[in-house]
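Here are a few exercises to work through with the model open beside you. Try each task before reading its solution.

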Amino acid sequence: MMKKILFLFLFTISCARFESQATPGSGGIPEDKILEIKRFLKGKNYNQDIAVFINFKTYSGKYRYFVYDLKNSKILQKAIVSHGSGSVIRNSETLAFSNTEGSYQSSLGKYEILQSYTGKFGKAYRMNGLDASNSRAMERAIVLHSLECVPDKESSAPACLSLGCPMLSVNAFNETAKYLDQSKYPVILYAFY
């Protein structure tokens, strides 16, 4: 009996210690992804203070888009974000990803968010893929934009689908635009699964 109590006590302490090692305010962003971006940014001409993360492992009706304060280790914004219609695998919870034109799939990897422009979705931001997995983003016209069908709040319903672009609600996009437009350097967006 005493061994069981001791085991439970030690187990509880180890779990508490593990939880305390998590990055405060990281929410749905794994700590290793945050550290990877911090290492990537070091010494480069990108914004060193904030980054955008998309955790495609999270269900599309839930918050999986995060503007993250790298200096103070906290989430500045969280939002619903769509994925490409081609990423949906019939009768499966998993997603597929591609860098191929016409696939309508989202692409994983690091992007630099470039200048804004006004197009068929209104204001949007061009994105340059920095990895082999998303190197054709410009050619594929993968941009960060908004669309009314993307909800502001989490729900059990999936978000509407894009043609491969990360799509936000109008309100979420406008909030992100404030961070992007204030930045003197390109902001990195990291989409992972």
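A residue is called buried when its relative accessible area is under 20%, exposed when the area is over 50%, and partly exposed in between. The model you are looking at is predicted.

**Exercise 1: the disulfide**

Find which cysteines are joined by a disulfide, and describe the link.

Solution. 
- Step 1: count. The structure has one disulfide.
- Step 2: identify the partners. Cys149 and Cys160 are joined, with an S to S distance of 2.0 Å.
- Step 3: check the handedness. The angle about the S-S bond is 70°, and the link of Cys149 and Cys160 is right-handed.
- Step 4: compare with the cut-offs. Cys149, at 40% relative accessible area, is partly exposed, whereas Cys160, at 19%, counts as buried.

**Exercise 2: the salt bridges**

List the salt bridges of the whole structure and say how many there are.

Solution. 
- Step 1: count. The search gives three salt bridges.
- Step 2: take Asp131 and Lys110. Their closest N and O atoms are 3.4 Å apart. Asp131 sits in the loop between β5 and β6 and Lys110 in strand β4, so this pair links parts 21 residues apart in sequence. Lys110 counts as buried, at 10% relative accessibility.
- Step 3: take Asp181 and Lys123, which meet at 2.5 Å, N to O. Asp181 belongs to helix α3 (residues 170–182) and Lys123 to strand β5, so the pair ties together parts that are 58 residues apart in sequence. Asp181 is partly exposed at 44%, and Lys123 is partly exposed at 30%.
- Step 4: take Glu139 and Arg136, whose side chains meet at 2.4 Å, N to O. Glu139 counts as exposed at 52%, while Arg136 is partly exposed at 30%.

**Exercise 3: positive phi**

Look at the backbone of Tyr104 and Ala141: what is phi for each?

Solution. 
- Step 1: Tyr104 is not a glycine, yet its phi is positive, about 55°. Tyr104 lies in the loop between β3 (74–79) and β4 (109–119) and counts as partly exposed, at 42% relative accessibility.
- Step 2: Ala141, also not a glycine, has a positive phi of about 60°. Its place is the loop between β5 (122–129) and β6.

How values were computed: Residues are numbered from 1 along each chain as its sequence is written. This is a predicted model: local features need pLDDT of at least 70, side-chain atom pairs count only at pLDDT 80 or more; totals for chains, interfaces and linings use all residues. Side-chain values use heavy atoms; hydrogens and water are left out. A disulfide is a pair of cysteine sulfur atoms within 2.5 Å. Buried means under 20% relative accessible area, exposed over 50%, partly exposed in between (1.4 Å probe, protein chains only). Helices (H or I, at least four residues) and strands (E, at least two) are DSSP runs, numbered from the N terminus. A salt bridge is a side-chain nitrogen of Lys or Arg within 4 Å of a carboxyl oxygen of Asp or Glu.
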